[in-house]
Structure formats: structure tokens, C-alpha cells
Amino acid sequence: MDITRRRLLLLLPAAAVAWKYVQAGTPETAPNYKMTEHWWAMLIDIPKCIGCGSCVRACAEENDVPEGYYRTWIERYHVADWRIERPDVESPDGGKQGFPPSEIGGKNFFVPKLCNHCAESPCTQVCPVGATFVTPDGVVLVDKSYCLGCRYCVQACPYGCRFINPKTNTAEKCSLCYHRITKGLTTACCEVCPTGARQLADLKNPKDPIHEFLRTHTVQVLKPHMATGAKVFYNGMDGSVR
Amino acid sequence: MFKDIEHLVRLAAVMAIALIAFATMRALVVPRSFGEYGHYRGDAIAEIAARPVAFAGHDVCEACHIDVVEQKKQGKHVVVPCEACHGAQAKHADDPASVKPAKLDTAVVCARCHEANSAKPKGFPQVATADHAGGLACDICHQPHRPKIETPAATKPATEGKK
């Protein structure tokens, strides 16, 4: 077929449309999910946590977390009667296999921890390349194909929630199971929690039970003085928790 | 006035080439979706969301295992999601015929939650498994989906443990 001027002019728009299609890349995996309609958070009810470690095991399995690293972990606090400012905190293997017997006397309780998905996250602000970011639905994610592994964010996180994955040498952290919540599921840790101590919450959904809970309970976030806009809310948190 | 303008033209040409080279390099190196939502690669969101799931969720389990749901409703374990004990079962849910979940060792699984520990909430049922069962598997006496033992003939509650 000869390319005449007429044919070329006809072909050009078609080529332009095809190029646009190529540029669009892979289609959205969850077509019914609209990022602008959600603002994700989590509620942790400390008096309900039994320290079984189900959340830690589930997180490791769901997200392929390397051995010895934790995207979520459980801390056991022991507060002796006479020194509330200096609690004994331990987290053997992140609480993955449960906990050995606790000391008798004083106050003992479990505190599950994970990324606080801060609205004003210090970790995303220090990234020099834009490999970590807050999504429009309020989840702090890491783009591992763009991360240099410079560790700035690991240092910046006041909650110690980030680590460098030894296999990929990139920063890693809790993704709030973004691949699950965008498909209408809850996170792996919330899914397996046997006592309901962890609840995924959508602050933009007026029907979410979180709003009623926040109204009727005394709820705190970790390190509020750092003004990180943390979105993991703790109910029944002792003053000794750091 | 512009007597020796030639060298200025040459300089302008060099700068124009440098500018074009910069623009071309930038277009090649910066990912297309960078800046779509903010100072990051917009496509990364869809890539992370595309990961496969490992835990199916109890709604999926309950669609088939209706008998277990009925059993659980009669006891306190109604609030315990399936995969808390049975582990990640998305593969089983996708292909129930060929992927079968492993049989659980109740002596291990039950103790994860019910082993006595003073850090656990006071109202939560706890036992020192060594004294309570002496190494026996829990499901010899307890039905895991409906754990309370209800034997009308028993003179004292069986949960007190055996000597």
C-alpha cells in the first residue's frame, strides 16, 4: 500500500489514539474504587488485645515480610507500681509467637503498633526522590521501584515503623493492606484479630462505626505532641505508652 | 552596532541545543505518571493495589461453610474470624477442590490465645495449659467452633481441668 498524503492524514489520528492507549498502561485493577471517597484510619482497642500475635503472623504472610522484620508488632508493657514514667517494654520476635508469662504485680498490657498513616507524615517529607507519599485516600505508601534505599525515611519516622527490606534494599512499611482495602476487604491484621482489638476505619464514610466510637470513648494517638496527624487511634491507652 | 554578533549567535545556538537536550532527557527519564497526584509516580498506587491477597476474608469462607457458621453462632467463638486459626485461605477459596487447608493442632492453636498471661484482659478466658490439659489436644474435650462443654450428666464443670 502506497502512503499517499491522503492516507497519511487518515492514519495520523488513528496512530494518535493508539499511542494514547499505550501510554495509559495497565488498567485500574479496582474499577469501582474511588480514592477521593475514602480516608483510611485504624482503631486499636488496647483493653481487647490478648497479645496472641495473629496480626503479626498474618501481616508477614499477606505482605511477604522478611523474617525478623515487622510491619506491625505487639509490645508488652509492664509498669511497676512505683515508676509509671519508665515502663518495661518488650516485643520478643515482634510478638509473632505470643509472649512468655508476664510479671505478676504492677500493670501489664499489650499495645499493637503499626504505621500511623500520618496525614502530615514526616517520612514522606524527607524522601528526596518522591518514592514515598500519602495517597489521596490517606495511606502512606512506598514505591519500591523508585526508592533509592537512602534510609532518610527510616530515621524520620518517629514511631519506628519503617525498615530496609534486606532482599530489595528499599524502604518498607505497613501499606494498610492497600491491595486489600481497595478491593473492599479489610486489612490482614484486622481480618484475623480474634477479639476485634483492631478495626479498619474509613473517616470519610459517615456510616462507619468509628465516628460513634470516637464520640463516646476517650481515644488518643501516639506522640500527639509531634503533630504528625497520626490516624491510628488507641482506645484505653495508658499514660506510660510511648 | 552589532558588529561582532557572530559569537553571540554561536552561544545562543549552544544554549538552545543544551535546552533541547535537557528537555529530551527529562521527558525520557521522568516517569509518565509522575506528578499525577503529587510529587510521586501516580502509577505506583495502582501497582501496589494490584498485589494478590492471601487472606480471603470470613465472608468468603462463610459462603460455603454454612454448617460451621451455625455451630459458631451457638458459642463465644462466633466473633473469631475463620482465618485467625486456619491461616491464609485465599488459595483454597479460589480452588477448593485441589487446595485443602491443613489440619490444625489444637494444642498449639488454642494456646496462642488462651494460655494464661497476666497481661491479658481479666475477662478473657485463660488457662495454664500444662495444668489444664497436661499436653492433651484441646479438641479431645472442646469443639473448637463451639468450645463450651455442655454435658448434662457432669457433676462439675469440665472446664475445671482434670487431675
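Trainee: How many salt bridges does the rule find across the interface of chain A and chain B?
Mentor: One. Keep in mind that this is a predicted model.

Trainee: Which residues form it, and how far apart are the closest N and O atoms?
Mentor: B:R41 and A:D143 form the salt bridge. Their closest N and O atoms are 2.7 Å apart.

Trainee: What area do chain A and chain B bury between them?
Mentor: About 3,400 Å². Carbon and sulfur atoms account for 60% of it.

Trainee: How many residue pairs are in polar contact across the interface?
Mentor: The rule finds 13, counting pairs with both residues at pLDDT 80 or more.

Trainee: Is A:E172 buried or exposed?
Mentor: Buried, at 9% relative accessibility. A:R71 is buried too, with a relative accessible area of 10%.

Trainee: What does A:R76 pair with?
Mentor: A:E90, in a salt bridge whose closest N and O atoms are 2.5 Å apart. A:R76 lies in strand 2 of chain A and A:E90 in strand 3, 14 residues apart.

Trainee: And how accessible are A:R76 and A:E90?
Mentor: A:R76 is buried, with a relative accessible area of 5%. A:E90 is partly exposed, with 39%.

Trainee: Switching to chain B. Which residue forms a salt bridge with B:K73?
Mentor: B:E70. The closest N and O atoms are 3.6 Å apart. Both residues lie in helix 4 (residues 66-73) of chain B, three residues apart, about one turn of the helix.

Trainee: Is B:K73 buried or exposed?
Mentor: Exposed, at 54% relative accessibility. B:E70 counts as partly exposed, at 41%.

Trainee: Which residues do salt bridges with shared partners join into one network?
Mentor: A:D143, B:R41 and B:E47.

Trainee: Now the rings. How many aromatic pairs over all chains?
Mentor: Five by this rule. Among them is A:Y69 with A:F163, a tilted pair at 5.1 Å centre to centre, with 35 degrees between the planes.

Trainee: Which parts does that pair tie together?
Mentor: A:Y69 lies in the loop between helix 2 and strand 2 (72-79) of chain A and A:F163 in strand 7, so the pair ties together parts that are 94 residues apart in sequence. A:Y69 is partly exposed, with a relative accessible area of 30%. A:F163 counts as buried, at 9%.

Trainee: What pairs with A:F99?
Mentor: A:F110, also as a tilted pair: 4.8 Å centre to centre, 45 degrees between the planes. A:F99 sits in the loop between strand 3 (88-90) and strand 4 of chain A, and A:F110 is in strand 4, eleven residues apart. A:F99 is buried, with a relative accessible area of 13%. A:F110 is buried as well, at 1% relative accessibility.

Trainee: Last one. Where is A:Y159?
Mentor: In the loop between helix 4 (152-156) and strand 7 (163-164) of chain A. A:Y159 is buried, with a relative accessible area of 10%.

Trainee: Which side chain does the side chain of A:Y159 make a polar contact with?
Mentor: That of A:T228, at 2.9 Å. Leaving out residues up to four places away in sequence, A:Y159 touches several residues, including A:W73, A:N116 and A:L222.

How values were computed: Residues numbered from 1 in each chain as written. Chains lettered and ligands numbered in written order. Predicted model: local features only at pLDDT ≥ 70, side-chain atom pairs only at ≥ 80, totals over all residues. Heavy atoms only, no water. Helix = DSSP H or I, 4+ residues; strand = E, 2+ residues; numbered from the N terminus. Buried < 20%, exposed > 50% of the residue type's maximum accessible area, 1.4 Å probe, protein only. Contact = heavy atoms within 4.5 Å. Polar contact = N/O pair within 3.5 Å; in protein donor to acceptor, adjacent residues only side chain to side chain. Buried area = accessible area lost by both parts, 1.4 Å probe. Salt bridge = Lys/Arg side-chain N within 4 Å of Asp/Glu carboxyl O. Phe/Tyr/Trp six-rings, centres within 6.5 Å; stacked < 30°, edge-to-face > 60°.
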